[in-house]
Amino acid sequence: MDVDPDDAPASVDYGGQTFYFCSKDCAERFRGNPPQYAGGQRPHEEPVAGEEAIYTCPMHPEVQETKPGACPKCGMSLEPLMAKAAGEDDAELRDMTWRFWIAAVLSAPLMLLAMGHMVMPMGGRARAWVELALATPVVWWCGWPLLVRGWRSVLSMRLNMFTLIALGVLAAWGYSVVAVLAPGAFPAAMREGGAVPVYFEAAAVITTLVLLGQVLELRARRRTGLAIRSLLDLAPKTARLIETDGRERDVSLDEVQVGDHLRVRPGEKIPVDAAVLEGRGSVDESMVTGESMPVEKQPGDEVIGASLNVTGSFVVEARRVGAGTLLAQIIEMVGQAQRSRAPIQRLADRMAGWFVPAVLAAAALAFAAWLAWGPSPAGPHALVAAVAVLIIACPCALGLATPMSVMVAVGRGARAGVLVKEAAALEVIERVDTLVVDKTGTLTQGKPKVTRVVRLGDLHANELLRLAAGLERMSEHPLAAAVVEAAAAREIEPAAVEDFDVYGGKGVTGRVGQHSVAVGNAALMADCGVDIERFGGTVDELAEQGQTVMYVALDGQLGGVLGLADAIKDTTPEAVRMLHAQGLRIVMVTGDTQATARAVGRQLGIDRIESGVLPKRKNEIVGQLQDEGHIVAMAGDGINDAAALAQADVGIAMGTGTDAAMHSAGLTLVKGDLRGIVRARRLSQATMKNIRQNLFFAVIYNAVGIPIAAGVLYPFLGVLLSPMIAAAAMTFSSVSVIANALRLRNVEL
């Protein structure tokens, strides 16, 4: 908030200036660290610079740490709380990547040695010692972060996937170490070729695969920061400052203060949120409003920072700078919405919450039962049974159940033009009941075109277009290109024009042969004395259809009008029908006028229409729908849609749109065709069904395998499952999960 010097409760003299503060505490913090306000930050704002970065967990936002690491509750990697810190620190990614590659290099020969056991007798203790040497650094150095997370989960009594991973790895490695160092402790029945089987390869491969998953997750998390960086790159780095003595100089954007006068030349971006003082121009605000039609600006109008000045030159007064600009607020909204998402893996973690205690109880029960009632030697038999339970319960199948299905589904979606950036999108989109769509570039083509040529006098329609194209090809206005393109499409050669003149914000005039021609809006017609009132009905009809009207006058008489509009994509009507057939309610939000929005909405049968909407309002609409209990998907293509895309349960970007939109969305439709949402929902339904099947396989496998490993069949059939058979069964369960996931490659979309 702004502080009135007369009402300010505290002030500080610094650098020859007096700064006023909203509280004494704020003033003291400034006095202790004044450089934090360098770069244009207003001194009455709460200090933020110099504070430590805060990292939080996407699944548990109450967890906040001062450095990156793992969540003590679920084991997920923490991410920066403040959007400005996103993507800045990739030390954890580099560390995990190194650990993965070293683990992979050491695990490869270990697997070859283990495979040799299947085709030849055990080759003595030398091979076991080599396997021990290869597996130990994989488990204890490469897998150290995984073991630490598992240990922390035990200390906090919040058991998760890392608990299972640590148990399985340590069980396989620990049992194998005992087998190498003290083979005599095992009964003769457990030896093959005079040696006790070891399972170092199981421990090493499990560690390597989990590290690979962590690397992929961290890379995906790092890519989410691209949305923030894409938005930050929109703002210009410098501004043209007009000094009090009239001199002009380029300054860093950080030096711009509220009240400064800045010059904006044609083709330049507007540095900050400001108000026009002098001059006129046409500003492309599509980065905020999403509308392709430039907006004419004149003294008194507000302009938005990072929007593009297409034509004209003007002087503006800075109104909001730094964190107060609309672009900065959009950036913050994107960051907050991204942090609110939860990964699809939480389903497996919830299962692990009850699965881990059950496994531990089964292993302890098996050990106690064999120790009390088992044959001699009771101790080794009890140890073998307990280790077999832990190995067979190793969460490979449970851990693979979700990522394998997602991996295959992502590939299948890519072939169908649906790019999946976040696995969570696949989980949620099948449950979506409300689709919020942007208009421009999503429902429409995002580019103005001449849709109507209406003759109102004696001029032929082609002659009308020839005259208009002759003048407009000399204009810099974006609508001019649409007129020239329309003439070219009809193979009409634009007229040769002399005495061309531009009337800022109104239109253009010129002479064609002996005739004077004017092309522009109603204001230009009034200046030229052209009567347009008697043709008001035609103009009103075009306006009701959401079209922009361009008048064409010849020798002071109205010859006709051109209707320009952003045409609806050919595929949109079919897409809307298909989405309605799937039970989705469609809400259109647009920064365009009410007339244009209603025209498009009526034509497509949209359920709800919100017009004149700025980015913050789009975000609010999505939030309101969520508060009402709806599962909301948002489809858009512009920077102005980025915050709403991130806020929605599923963000869907058009591949023809901006990078910021695609970085903020969980799904991207390559061709910008809304029918891709139908395909995405079918893919989601198939993927979630596949994941549930995989989890069922993993649970059933453990439900059957754990009792057998514990020895329940021994009293009846004399069968005791050795850890080697348990490892083979564990591998089979993983293979079954992978095979089931691969079926998604052929799912019909």
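Valine 178 lies in helix H5, which covers residues 161-181; helices (H or I, at least four residues) and strands (E, at least two) are DSSP runs, numbered from the N terminus. Valine 178 counts as partly exposed because its relative accessibility is 33%. On this scale buried means under 20% relative accessible area, exposed means over 50%, and partly exposed lies in between (1.4 Å probe, protein chains only). Together with Phe367, Leu371 and Leu383, Val178 makes a nonpolar surface patch of about 300 Å². Patches are made of residues with over 30% relative accessible area and no salt bridge, with like charges joined within 9 Å and nonpolar side chains (Val, Leu, Ile, Met, Phe, Trp, Tyr) within 5 Å.

The model is predicted: local features need pLDDT of at least 70 and side-chain atom pairs count only at pLDDT 80 or more, while totals for chains, interfaces and linings use all residues. Residues are numbered from 1 along each chain as its sequence is written, and side-chain values use heavy atoms, with hydrogens and water left out.

**The protein as a whole**

The protein has 25 helices and 25 strands. Of its 749 residues, 51% count as buried. The protein exposes about 32,900 Å², and carbon and sulfur atoms supply 57% of that area; accessible areas come from the Shrake-Rupley method with a 1.4 Å probe, and for residues only the protein chains shown count as cover. Among contacts (heavy atoms within 4.5 Å) between residues at least 6 apart in sequence, 64% join residues at least 24 apart.

Helix H14 (residues 461-472) has 12 residues and reaches 16 Å from its first C-alpha to its last, close to the 16 Å expected at 1.5 Å a residue. The expected span of a helix is 1.5 Å times one less than its number of residues. H14 is mostly covered, since 9 of its 12 residues are buried; among them are Leu464, Leu465, Leu467 and Glu472.

Helix H20 (residues 615-627) has 13 residues, which should span 18 Å, and its end C-alpha atoms are 19 Å apart, in agreement with that value. The buried residues of H20 include Pro615, Lys618, Ile621 and Leu625. Just after H20, glycine 629 takes a positive phi of about 100°.

Threonine 208 is placed in helix H6 (residues 200-232). With a relative accessible area of 10%, threonine 208 is buried. Leaving aside neighbours within four places in sequence, threonine 208 is in contact with Phe100, Ala103, Ala104, Ser107 and Val138. The side chains of threonine 208 and serine 107 make a polar contact of 2.9 Å. A polar contact is a pair of N or O atoms within 3.5 Å; within protein, one must be able to donate a hydrogen and the other to accept it, and residues adjacent in sequence count only if both atoms are side-chain atoms.

Arginine 265 belongs to the loop between strand E8 (261-264) and strand E9 (273-284). A relative accessible area of 32% makes arginine 265 partly exposed. Its side chain is joined to that of glutamate 268 by a polar contact of 2.8 Å. Not counting residues up to four places away in sequence, arginine 265 touches Arg240, Asp250, Asn309, Gly312 and Ser313. Arginine 265 and valine 315 are 50 residues apart in sequence, and their C-alpha atoms are 8.8 Å apart in space.

**Salt bridges**

Side chains of opposite charge can pair when their charged atoms come close. A salt bridge is a side-chain nitrogen of Lys or Arg within 4 Å of a carboxyl oxygen of Asp or Glu. By this rule the count comes to 19 salt bridges. The table gives examples.

| Pair | N to O distance |
|---|---|
| Glutamate 248 and arginine 240 | 3.3 Å |
| Arginine 511 and glutamate 498 | 2.6 Å |
| Glutamate 574 and arginine 675 | 3.0 Å |

Glutamate 248 is partly exposed at 29% relative accessibility, and arginine 240 is partly exposed at 21%. Both belong to a network of salt bridges that links Arg240, Glu248, Asp250 and Arg263.

Arginine 511 forms its salt bridge with glutamate 498. Arginine 511 lies in strand E17 (residues 507-512) and glutamate 498 in strand E16 (residues 498-503), so the pair ties together parts that are 13 residues apart in sequence.

Glutamate 574 meets arginine 675 in a salt bridge. Glutamate 574 lies in helix H18 (residues 572-581) and arginine 675 in helix H23 (residues 675-710), so this pair ties together parts that are 101 residues apart in sequence.
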